Amino acid sequence: MADHSKPEWHLMMPVAAMLLFPVICYKIGWDAIDSSMFIIAIPLVVWPAIAIIGQVWKKTDWWKNHLKEGGIIALAALAVSLCLTIWLIIQFLGEHGNFGAQDSDIASFAWLNFDILAHDGVSWELIGSDKLGFTIGFGIYVDALTLMLLFVAAFLCFLIGWFAIGYMTTDAVNEDRNHRFFAEFLLFSCGMFGMVLADNFLWLFIFWEIMGLCSYLLIGFYWEKPSAVAAAKKAFMTTRVGDVFLMVGLLIIYDLYNSLSFEVIFDPAIIDTVDPERLRLALIMLFIGAVGKSAQFPLHVWLPDAMEGPTPVSALIHAATMVNAGLYLVARMFPFFGASGFEGDFSDVALLITWIGGITAIMAAAIALVANDIKRVLAYSTMSQLAYIFAGLGAACWFANSGHPEFAALAFGAALFHLFNHAMAKGMLFMASGSVIHEMHHAHHQAHGEHGGGDDDHFDAQDMRNMGGLASKMPVTSVAMMLGSMSIIGIPLIGGFWSKEGIIGQAWHAAISQDGGAMLVPALLLLATAGMTGFYMSRMWFMTFAGKPKTDVAEHVGEDTHWIKTPLVTLSLVTAFTGAIFAVLNFPEWLGEGEQLMHGIESHGLAEQVVHVLEHTFLPHESTLLAVGWTAIVISAILGPFLAARIHGGRLAAGEEANPFVGWLVQISGSVGRTNVDEIAKSGFAVALHNRLYIDDLYEWVIARTVVPLGNLLAWFDKSGIDGVIKGIESGSQASSSWIRLMTTGSARDYILMAAVGALCIFALLWGMA
Amino acid sequence: MIPPSWIAGLGAILFCVGLSGAFSRKNAIIVLMAVELMLNAVNLNFVAAAVHHGDLTGWVYTAIAIAIAAAEVAVGLAIFLSLYSQHDTISLDDVTMLKH
Amino acid sequence: MDMMEMIGNPLTILVLFPFCASLLLMLVHWAASEDRQADLSRWIRHINLGIALLMFALATLIGLESFSVDLAGLEGWSGLGWHDYLYDNCDQGVLRTGGCAVISSIGVSWHVGIDALSYPMVWLTTLLIPISMLVDWNEKKGAYFHSLILMMEGALIGVFVSLDLFMFYVFWELSLIPMFFLILMWGGEDRRYAAQKFFIYTFAASVFMLAGILVMYFHNPVPAWGGNLTGNSFDLVLMNEQVADSSFITGGMQSLVFLLLLIGFATKMPSVPVHTWLPDAHVEAPTAGSMLLAGVMLKMGAYGFIRLSVALFPESIIEYQWLLVLLGMVSLVYASWVCLGQTNLKRLVAYSSVSHMGVIFLGVATLQPLGIAGAIFMMFAHGIISPLLFAVAGAFKHHYHTLEIGSMRGLAHHSPWMSAHMMVGWMGSLGLPLMAGFVAEVAILIAFWMTFGWLVLLPALTLIITAAYYIWSMQRTIFEGDGEAQLPPTMGDDEPSDLTWHENVGMMTLGIMAVVFGILPFIFFDMMSGWSSDLVATTFVDVMNSLGVEP
């Protein structure tokens with residue numbers, strides 16, 4: 001196998017070549033929104049090419065080494081999409097967001113045309129005067145929300161694709177099947193892009209399902225492992241349950257508005273002209289779909305198992321993009337809550353959203369406290385952070401529906417900003433964990449040979465109890481992971497801090513405002529979770545990177561694979577700085593209210609804006625918010641990491657030196673003393689947390705008791721019952737036929753007798769009639 | 001003249017005799033004879049009708065019936081001969097090859 | 001009847017040419033001497049395929065030409081009224097004087113035509129015949145196999161293009177005969193039972209349909225038909241006119257005819273409870289037979305139902321709406337659950353066919369143009385996806401000598417192409433968006449909600465069950481295997497192999513078609529939508545208003 005540490009920049013040439021495509025579009029004179037359909041179309045066309053070419057030419061040298069089994073091609077396609085996305089953003093900002101929902105002539109087409117029959121109280125007739133007047137079509141819809149998610153998706157797909165080239169092609173177990181990986185990866189990207197760009201709910205749903213399919217395929221990538229296949233099945237079925245409800249919600253919406261297009265439905269003149277009761281049901285149905293896709297309680301059971309997929313899959317689908325689909329859907333539901341005609345009607349839906357968010361957040365954080373697999377910790381962290389965003393959106397919807405649009409906008413903006421921060425940080429965290437696992441694998445192979453130390457050796461490269469002290473051996477990864485963890489924890493000034501404070505603040509604001517009593521519990525849960533987040537993320541970092549190596553494998557870990565480092569470095573920079581930058585740029589307000597970016601800077605000047613933002617965040621006016629804000633900072637940024645350091649921290653082994661970015665952290669973690677928690681770790685509650693609070697087992701028990709036996713019963717019934725009737729007719733007719741045949745005795749005398757009797761009867765009949 | 005009703009009556013008696021013979025006898029030839037008896041009884045009926053109406057048509061029918069009876073006997077005897085050469089019996093009790 | 005005019009009509013060619021050609025080819029083979037027969041078999045197979053492809057080209061040309069025709073201000077097909085037909089070989093004047101008559105004494109004519117309802121079916125048939133021939137290209141099949149398939153093509157197209165009910169019935173029954181022989185001579189172990197059951201069951205049900213047709217016949221007078229002794233005719237166009245005038249059968253008689261026809265159509269579709277012939281027939285039939293059976297023959301039932309029952313008896317449809325919903329719902333839900341308990345691959349797909357066809361009843365019962373169009377599109381979509389599934393099942397049987405799910409694990413090891421096609425087929429069948437099945441389902445569900453409200457939850461939740469059995473089967477067949485495939489005991493010492501190129505090409509074509517019509521359904525959906533809109537607007541609306549039906 002090639003030497004992986006050699007930089008292979010020359011392989012990026014096809015990618016650079018593909019970037020000519022947007023340039024061509026620009027030169028032809030198309031503007032960004034017309035070219036935007038290529039964001040979806042190019043991956044859609046390229047992915048089958050990768051799959052088929054890869055399948056046919058999979059063992060050749062040029063495919064494996066020059067095209068990295070299709071990785072380069074995929075990366076090229078994603079680069080084009082990213083480039084077009086950036087162009088779209090630039091143009092959108094340039095026009096100050098004044099092109100809202102646009103119909104691109106090139107991109108939109110009519111998909112289904114039909115008529116509707118309706119009863120207008122007097123008689124039935126077809127609505128409208130045009131034949132086939134109703135259309136469900138496909139078009140592109142662009143607003144601030146779209147662009148943010150599109151950028152997140154495109155940027156992360158690109159970087160994770162880059163990462164995947166390094167991760168997948170240097171692992172022997174993946175040899176000759178990476179073409180399938182890259183093809184499915186690209187299809188998934190296409191699905192995500194399509195979903196955020198679609199201009200109506202139906203196409204949102206269609207691309208939603210496409211992503212579900214790819215999730216199934218990619219989780220089950222190592223299909224020879226029964227655990228992976230089972231995890232894929234679980235993911236598909238759980239999201240399917242949610243999807244069915246989503247579809248019902250779509251049906252209701254269609255019936256209410258006679259359209260599924262955003263432009264029509266969200267028109268202020270039309271949006272509140274329908275029956276709020278039925279719309280409420282539709283919103284709940286849509287929310288159930290979102291719950292399934294974003295792995296919230298009670299449809300969360302698939303996310304931890306989904307870690308069976310390769311790490312790039314986990315990074316992309318389950319941290320950065322697909323699970324955000326549910327959030328996107330709820331964000332799209334937001335205008336319903338704010339419509340003036342519905343004021344007060346949907347507060348229970350908003351409360352539902354917030355409560356589910358709160359419950360999931362604390363449940364996931366609790367389970368993460370005891371998880372030993374590094375990817376599992378991140379999975380539960382994802383679940384918990386997504387719950388934060390749901391809670392934030394719920395608070396926003398609550399505010400909107402109770403007539404406080406300005407607070408609603410703040411909460412909405414904070415929630416979506418958190419989505420951005422979380423996606424960037426979590427993507428990077430997964431990639432970093434992938435880097436760790438990858439290097440642990442390599443070290444294990446080097447130490448024990450390709451097949452490990454015999455069949456008894458179940459070395460789990462993902463178990464943090466096998467790691468330790470990696471800060472000196474994996475500098476880039478340790479820094480990346482530190483920054484990512486800080487962002488998730490909400491260390492002040494880094495990444496997620498800016499958005500998390502906003503969400504917690506707005507949730508409490510809702511709880512203390514009039515009629516907001518029911519919001520108190522979720523707000524408390526969010527606060528508690530913040531502390532737990534601080535603990536478990538720090539625990540993860542310290543167990544992996546600080547202290548002394550716990551196994552000999554960990555002693556030999558290096559950081560060689562080239563392709564992996566670049567995305568980590570890029571995202572480290574993003575995580576460290578964009579949080580603060582965007583806060584200064586009024587990013588949340590831009591998302592929430594449509595205020596211009598740079599508004600603050602333009603009106604106050606840069607330095608004043610910075611001060612204003614800092615002040616607004618650290619010293620809000622409301623006293624409750626001040627208390628809550630600082631409580632959150634203390635327990636998440638100080639208390640949590642402190643406890644984690646006491647339990648799992650420690651200085652590196654003698655002679656080991658970590659780079660300065662993380663060295664200070666390792667030093668501190670070694671200086672806070674130790675606490676022994678073995679007793680707590682064995683308690684019943686800890687065991688329950690290890691078993692995921694038995695919810696998975698409950699579902700499986702119910703399904704095994706009801707669904708499967710019913711299927712077998714009905715199969716038996718069909719064979720014996722319904723078909724039994726047919727077989728009964730068959731045997732009955734055979735039996736009666738045998739019975740009649742007894743008349744044919746073969747004896748001539750009997751026949752003469754029968755003939756005579758028959759003739760007599762006829763004679764009597766004729767005589768009677770005459 | 002003999003009253004036609006007497007002729008028809010004789011015909012009826014002969015018919016019943018023939019019918020009972022066809023029912024009850026085992027030997028195929030005897031059954032054939034019984035069938036002949038029935039046919040001739042029918043002939044007598046035709047004669048009675050002819051006498052009654054004084055029409056030539058009745059006598060024509062009688063002649064035709066006699067001819068048909070003769071032909072039928074020939075065919076029947078041929079069948080029984082073939083039967084005997086195949087199965088060595090013409091007892092109707094033994095001839096059950098058409099049994100289901 | 002003008003011979004030239006009759007033969008010049010492309011639809012007549014589509015029907016009669018394959019039929020006669022196949023008979024000729026079979027005759028040639030039968031009459032040839034022993035030593036020439038082997039060579040001849042190969043030639044005959046190729047000629048059969050060639051003719052089938054020719055018919056496909058012809059059907060596509062007919063469609064392409066009609067798309068650009070401008071009718072009533074709308075492009076092509078959408079401008080047709082519900083009882084206007086293209087390529088009609090008997091225009092009104094000729095028809096009324098018996099110019100097209102074949103058996104003029106009882107009023108049977110050779111009247112063909114296509115419209116938005118039948119053209120997709122015709123195109124589908126001409127598409128499936130060469131593909132099924134290709135997928136089952138085995139030389140061991142002998143000379144008659146492919147000729148019988150070609151004969152089926154003639155009979156099937158005859159059903160779809162006939163506008164005379166006598167001819168309709170003749171072709172309906174005629175299609176049973178080649179299928180019977182296909183199952184009997186080239187089927188599985190239990191083929192005798194399956195072939196007999198198939199034939200007798202559907203034949204018996206069709207007799208009820210015949211009774212209904214005869215009643216319709218006696219209500220269809222044509223006074224000026226030369227040579228006509230009974231004063232009635234079987235012609236459908238004349239019946240359509242009567243319905244437009246509301247002078248066709250009404251009242252109790254209409255209910256009776258409707259129910260008689262329903263028995264015949266429901267058995268063919270099939271609908272629960274008269275569906276049990278299908279699993280046996282499918283399991284025992286050879287691959288090509290199953291593909292055609294599922295792809296086209298089942299659609300004959302749905303087609304007949306929409307063409308005759310829905311178009312001619314709107315009052316009965318409204319009166320028996322509850323029955324349609326019941327049959328459709330039971331078929332859909334019951335058959336899906338039964339799928340969960342199946343271990344035989346072909347039986348699984350057979351029951352899934354039953355459940356999909358149940359959706360068609362639901363679509364019609366909504367009485368919405370969208371629902372009816374969705375039902376027609378479901379006929380088409382299912383006609384692409386189901387043959388794909390049966391092709392895969394047949395290939396599975398062929399390469400691994402078993403149909404038991406779970407006896408073969410880790411299929412992806414040895415047969416990656418087969419696994420890929422299997423997955424495409426199953427994803428299409430469970431209604432994955434961007435495949436044709438989803439379009440039909442979405443259309444019907446929207447219409448169903450509009451008419452029946454929350455009852456739509458039942459079909460929607462069944463989608464979960466559908467996903468369950470497919471994913472479960474996939475898991476047990478394609479995946480797992482723990483590093484190495486686990487071959488079934490029936491393999492003996494044979495090496496596992498992947499698809500032959502014939503099978504692969506056939507399956508890939510079907511897969512591509514399924515995706516094309518999923519992404520661009522409007523190719524056919526617009527015309528179906530136009531047809532059903534016109535039907536609803538001109539007949540159902542008046543009937544519903546006059547009956548005072550409430551939403």
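How many residue pairs are in polar contact between chain C and chain A? The count is 7 residue pairs, both residues of each at pLDDT 80 or more. The legends below describe a predicted model.

**View 1. The interface of chain C and chain A.**
Of the 2 pairs of chains in contact, chains A and C share the most contacts. Chain C contributes 77 residues to the contact and chain A contributes 62 residues. Together the two chains bury about 6,200 Å², and carbon and sulfur atoms give 75% of that area. Tyr334(C), Trp337(C) and Trp449(C) supply 10% of the area that chain C buries against chain A, which is more than any other three residues.

**View 2. A salt bridge between chain C and chain A, and the helix beside chain A.**
The rule finds 1 salt bridge across the interface of chain C and chain A. In this salt bridge the side chain of Lys197(C) meets that of Asp723(A), at 2.9 Å from N to O. On the side of chain C that touches chain A, helix H23 (residues 522–547) of chain C gives the most, with 12 residues. By residue type, that side of chain C divides into 53 nonpolar, 16 polar and 8 charged residues.

**View 3. The fold of chain C.**
Chain C has 23 helices and 4 strands. Its radius of gyration is 23 Å, close to the 24 Å that the globule rule gives for 551 residues, so chain C is as compact as a globular protein of that length. Along the principal axes, the C-alpha atoms of chain C fill a box of roughly 75 × 65 × 45 Å. Of the 551 residues in chain C, 68% count as buried. Among contacts in chain C with a separation of 6 or more, 80% are between residues 24 or more positions apart.

Thr125(C) is part of helix H5 (residues 118–135) of chain C. Is this residue, Thr125(C), buried or exposed? Thr125(C) counts as buried because its relative accessibility is 0%, and the cut-off for buried is under 20%. Apart from neighbours within four places in sequence, Thr125(C) is in contact with Leu156(C), Ile157(C), Phe160(C) and Val296(C).

**View 4. The interface of chain B and chain A.**
Here 14 residues of chain B and 12 residues of chain A take part in the contact. The area buried between chain B and chain A is about 1,000 Å², with 63% of it from carbon and sulfur atoms. Between these chains, 1 residue pair is in polar contact, both residues at pLDDT 80 or more. Helix H1 (residues 4–24) of chain B gives the most to the side of chain B that touches chain A, with 4 residues. That side of chain B is made up of 7 nonpolar, 3 polar and 4 charged residues. Chain B and chain C do not touch, and their nearest C-alpha atoms are 23 Å apart.

**View 5. The salt bridge from Arg749(A) to Asp93(B).**
Across the interface of chain B and chain A the rule finds 1 salt bridge. Arg749(A) and Asp93(B) form this salt bridge, with the closest N and O atoms 3.6 Å apart. The pair crosses between chains: Arg749(A) is in helix H32 (residues 748–769) of chain A, and Asp93(B) is in the segment after helix H3 (56–87) of chain B. Arg749(A) is partly exposed, at a relative accessible area of 21%. Asp93(B) is also partly exposed, at 39%.

**View 6. Salt bridges within chain A.**
Over all chains, the count comes to 19 salt bridges. In one of them, the side chains of Arg332(A) and Asp143(A) meet at 3.2 Å, N to O. This pair links distant parts of the chain, 189 residues apart: Arg332(A) is in helix H15 (residues 324–338) of chain A, and Asp143(A) is in the loop between strand E4 (134–138) and helix H7 (144–169) of chain A. Arg332(A) is buried, with a relative accessible area of 4%. Another salt bridge joins Arg280(A) to Asp348(A), the closest N and O atoms being 3.6 Å apart. Arg280(A) lies in helix H12 (residues 276–293) of chain A and Asp348(A) in helix H16 (residues 347–370) of chain A, so this pair ties together parts that are 68 residues apart in sequence. Asp348(A) is partly exposed, with a relative accessible area of 38%.

**View 7. A salt-bridge network in chain A.**
A network of salt bridges links Lys234(A), Asp305(A), Arg692(A), Asp696(A) and Glu700(A).

Terms used:
Residues numbered from 1 in each chain as written. Chains lettered and ligands numbered in written order. Predicted model: local features only at pLDDT ≥ 70, side-chain atom pairs only at ≥ 80, totals over all residues. Heavy atoms only, no water. Contact = heavy atoms within 4.5 Å. Buried area = accessible area lost by both parts, 1.4 Å probe. Salt bridge = Lys/Arg side-chain N within 4 Å of Asp/Glu carboxyl O. Polar contact = N/O pair within 3.5 Å; in protein donor to acceptor, adjacent residues only side chain to side chain. Helix = DSSP H or I, 4+ residues; strand = E, 2+ residues; numbered from the N terminus. Nonpolar A, V, L, I, M, F, W, Y, C, P; charged D, E, K, R; others polar. Rg over C-alpha atoms; globule rule 2.2 N^0.38 Å. Buried < 20%, exposed > 50% of the residue type's maximum accessible area, 1.4 Å probe, protein only.
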